[in-house]
Amino acid sequence: MTGSIVLFGPPGAGKGTQAGKIVELTGKPQVSTGDMLRAAVKAGSPMGLAAKEYMDAGLLVPDKVIIGLIKERLQHDDAKKGVLFDGFPRTIPQAESLEKIAEVTSVISIEVPDDAIVDRIVGRRMDPETGDIYHVSFKPAPSEIQDRLIQRPDDTEETVRARLEAYHAQTAPLADWYSDKGLLVSVDGNNSIEKVGDLVEAAVIQLS
Ligand code: AP5
């Protein structure tokens with residue numbers, strides 16, 4: 001399959017959880033703007049420090065910053081045959097910029113209602129050593145790594161509500177934008193992690 005895939009959905013939909021399966025099936029590298037921004041925050045770069053204020057408030061980082069990050073990332077050799085975008089684009093201007101620099105062949109949208117999102121986000125835990133994603137109830141981590149798990153600073157109930165607001169105002173309209181281009185494939189994300197994985201796998205196979 002040539003071209004890039006966009007993994008789309010609200011915060012906490014399960015994009016990061018399911019990305020590995022798509023990477024495995026397609027061989028395309030995962031390009032997560034959230035992960036890139038968190039790496040910049042950790043490195044303490046001026047861009048990272050500026051982005052942190054937006055992220056902690058649950059707001060989108062300005063388009064110019066995100067488009068700059070993506071342009072730079074797409075120069076890498078492993079991006080030549082297309083990538084899996086996770087959490088990008090998130091606004092119509094981002095999608096319009098992307099159109100000029102890469103070919104998107106499909107958009108897999110994981111659909112989850114708002115009332116399921118808050119529990120998922122507040123209970124999320126991350127393994128800082130491997131990047132693996134867990135959940136206190138839905139995907140408990142093995143007991144031997146419990147001590148090193150961390151919680152993202154933006155995974156509070158208050159911030160998730162702001163993130164959902166930003167999603168509905170700025171990101172959700174992209175579903176129609178991509179649907180009008182015949183690229184959107186929807187997956188019901190309001191199922192168990194395993195079931196969503198099966199649906200995502202079926203969607204990828206159908207696209208290839
Ligand atoms: P980002 O890191 O992209 O966060 P997000 O889109 O809000 O997505 P999440 O990482 O929160 O959720 P996910 O869908 O990956 O869910 P996960 O698999 O972890 O962005 C963070 C911030 O960076 C943004 O708020 C913004 O400030 C900035 N940013 C990033 N990209 C940007 C852009 N393009 N433009 C502007 N700003 C940008 O799952 C969540 C939890 O649920 C886990 O605990 C998991 O175990 C559990 N779970 C997963 N699937 C299921 C299931 N089926 N059932 C039960 N539990 C499940």
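1. Ligand shell. The ligand is surrounded by 36 residues, where a residue is near a molecule if one of its heavy atoms lies within 4 Å of it. The closest are Thr-17, Leu-59, Arg-90, Arg-124 and Arg-163. This is a predicted model, in which local features need pLDDT of at least 70 and side-chain atom pairs count only at pLDDT 80 or more, while totals for chains, interfaces and linings use all residues. Residues are numbered from 1 along each chain as its sequence is written, and side-chain values use heavy atoms, with hydrogens and water left out.

2. A polar backbone atom of Gly-16 lies 2.8 Å from an oxygen atom of the ligand. An N or O atom in the side chain of Arg-38 is 2.8 Å from a ligand oxygen atom, and for a polar side-chain atom of Arg-163 the distance to an oxygen atom of the ligand is 2.6 Å. The ligand taken alone exposes 1000 Å², of which the protein buries 96%; accessible areas come from the Shrake-Rupley method with a 1.4 Å probe, and for residues only the protein chains shown count as cover.

3. Origin of the shell. Two or more residues of the shell around the ligand come from each of helix H1 (15–26), helix H2 (33–43), helix H6 (114–122), strand E6 (133–135) and helix H9 (193–207). Helices (H or I, at least four residues) and strands (E, at least two) are DSSP runs, numbered from the N terminus. H2 gives the most, with four residues. By class, the shell has 16 nonpolar, 12 polar and eight charged residues. Ala, Val, Leu, Ile, Met, Phe, Trp, Tyr, Cys and Pro count as nonpolar, Asp, Glu, Lys and Arg as charged, and the others, Gly among them, as polar.

4. Largest nonpolar core. Which members of the largest nonpolar core touch the most other members? They are Phe-85 and Tyr-178, in a core of 27 residues. Such a core is a set of buried Ala, Val, Leu, Ile, Met, Phe, Trp, Tyr and Cys residues joined through side-chain atoms within 4.5 Å; buried means under 20% relative accessible area, exposed over 50%, and partly exposed in between (1.4 Å probe, protein chains only). Elements giving two or more residues to this core include strand E1 (4–8), helix H3 (46–57), helix H4 (63–73) and helix H8 (173–180). The largest share, four residues, comes from H8.

5. Contact means heavy atoms within 4.5 Å. Leaving aside neighbours within four places in sequence, Tyr-178 is in contact with Val-6, Pro-89, Ala-95, Leu-98, Val-104, Val-107, Leu-183 and Leu-184.

6. Ile-110. This residue lies in strand E4 and is buried, with a relative accessible area of 1%. The C-alpha atoms of Ile-110 and Ser-186 are separated by 6.2 Å, although the two are 76 residues apart along the chain.

7. Ser-32 is found in strand E2 (residues 30–32) and is buried at 8% relative accessible area; its side chain reaches the backbone nitrogen of Asp-35 at 3.0 Å. Thr-33 belongs to helix H2 and is buried, at 3%. Beyond four places in sequence, Thr-33 touches Ile-66, Ile-70, Asp-86, Gly-87, Phe-88 and Arg-90.

8. Thr-171. Located in helix H7 (residues 157–171), Thr-171 counts as buried at 4% relative accessibility. Residues up to four places away aside, Thr-171 touches Phe-8, Leu-60, Arg-90 and Ala-166.

9. Cis peptide. Phe-88 and Pro-89 are joined by a cis peptide bond, with omega about -5 degrees. Pro-89 is in the loop between strand E3 (84–86) and H5.

How values were computed. A polar contact is a pair of N or O atoms within 3.5 Å; within protein, one must be able to donate a hydrogen and the other to accept it, and residues adjacent in sequence count only if both atoms are side-chain atoms.
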